[in-house]
Amino acid sequence: MPFARLASATTPTCHLGLGLAAVGRPGYINLGREQDLPAVRSAGALRARTHELLDAAYAQGVRYFDAARSYGRSEEFLADWLTAHPGIDDVVVGSKWGYTYTAGWTTDAEQHEVKDHSAATYERQRAETAALLGDRLDLYQIHSVTPDSPALTDKELHAKLAGAAAQGLTIGFSTSGPAQADAIRAALAVTVDGEPLFRTVQSTYNLLETSAAPALAEAHDAGLTVIVKEGMANGRLADPHAPEALRAVAAQTSLGSDAVALAAVLHRPWADVVLSGAATTAQLASNLHAAAVDLDGDQLARLESLAEDPRAYWERRGQLPWH
């Protein structure tokens, strides 16, 4: 398992990863992004920003990097960085398939990505990822599995994924939507020749959206590596948007709301890797302070009171504009 590299790492931030959703394409839904990135978001500008973030993350002990076919040119940018640093062999590289990027490098496309979990899409996107990342790819995840996803029942697809696993690739899945727990439990039941197919799960979990927690604990107990995405709720838990209770706890720690929000996720015993979705090196540095935050029981209870109904959370997330 590639994540054994993280288990043996000694950096305080080895359980924090860097996700490239916010910098691999010109448009995304994170709050404040219009100030975070240059006005002219050319491929060259975002490649430079991605490399700047990767440099800073690696220097500060981050060892997991997360991309996706639908994150614009994130795989390309990551591949370029890896090629430029041939001596770096202690990172874990993950990507995802199942969405096709369709925005054409614009921020105002009618549709930014198209979902398709068919075996044919897997074959096409696996070849595209391989052309960029080659044998540097450690983890390949089905992107945003929901309970009705055909990826949960498609035996042909399962056989193809099991074949890739037999060749050394770790196979995982990510989830989204208000029924994440149902999707996780359904995926845990998928087997090929009597063996579990999936070895990792990546789910949305944060102070506002906690509904997947019991299922993620079950996945962890079953031996899966649990990766947490959207720990900042697409910027809703960062200053100046952070709720008052979070800002109050942050003031007690003398750190940012973002660090405290991520620290609360790291506190969960089943959270193996927690992603930062930083778009600037300053945001990244602030996020990484999460590893040093020590929250007491009273503070955690105050933070836990922020949880929303998952349906309301996902409805609001669906209304966030693409900046």
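Val92, Gly94 and Lys96 point one way from strand β3, Val93, Ser95 and Trp97 point the other way, and all are buried, where buried means under 20% relative accessible area, exposed over 50% and partly exposed in between, with a 1.4 Å probe and protein chains only. The model is predicted: local features need pLDDT of at least 70, side-chain atom pairs count only at pLDDT 80 or more, and totals for chains, interfaces and linings use all residues. Residues are numbered from 1 along each chain as its sequence is written, and side-chain values use heavy atoms, with hydrogens and water left out.

**Strand β3 and its partners**

- Strand β3 spans residues 92-97 and is mostly covered, with six of its six residues buried; strands (E, at least two residues) and helices (H or I, at least four) are DSSP runs numbered from the N terminus.
- β3 pairs in the parallel sense with strand β2 (residues 64-66) over three bridges, given that pairing requires at least two DSSP bridges between two strands.
- The partner of Phe65 in a bridge to β3 is Val93.
- With strand β6 (residues 139-145), β3 also pairs in the parallel sense, over four bridges, and the bridge partner of Trp97 in β6 is Ile142.

**Aromatic pairs**

- The structure holds nine aromatic pairs, that is, rings of Phe, Tyr and Trp (its six-membered ring) with centres within 6.5 Å; planes under 30 degrees apart count as stacked, over 60 as edge-to-face and the rest as tilted.
- The pair of Phe65 and Trp81 is edge-to-face because the ring centres are 5.6 Å apart and the planes lie at 85°.
- This pair links distant parts of the chain, with Phe65 in strand β2 and Trp81 in helix α4, 16 residues apart.
- Phe65 counts as buried because its relative accessibility is 0%, and Trp81 is buried with a relative accessible area of 1%.
- Tyr313 and Trp314 also form an edge-to-face pair, 5.4 Å centre to centre with 80° between the planes.
- Ring pairs join Tyr58, Phe65 and Trp81 into a cluster.

**Lining of the largest pocket**

- Among the elements that each supply at least two residues of the lining of the largest pocket are β6 and α13 (310-318).
- The largest share of this lining, four residues, comes from α11.
- The lining residues divide into 18 nonpolar, 19 polar and 11 charged, with Ala, Val, Leu, Ile, Met, Phe, Trp, Tyr, Cys and Pro counted as nonpolar, Asp, Glu, Lys and Arg as charged, and the others, Gly among them, as polar.
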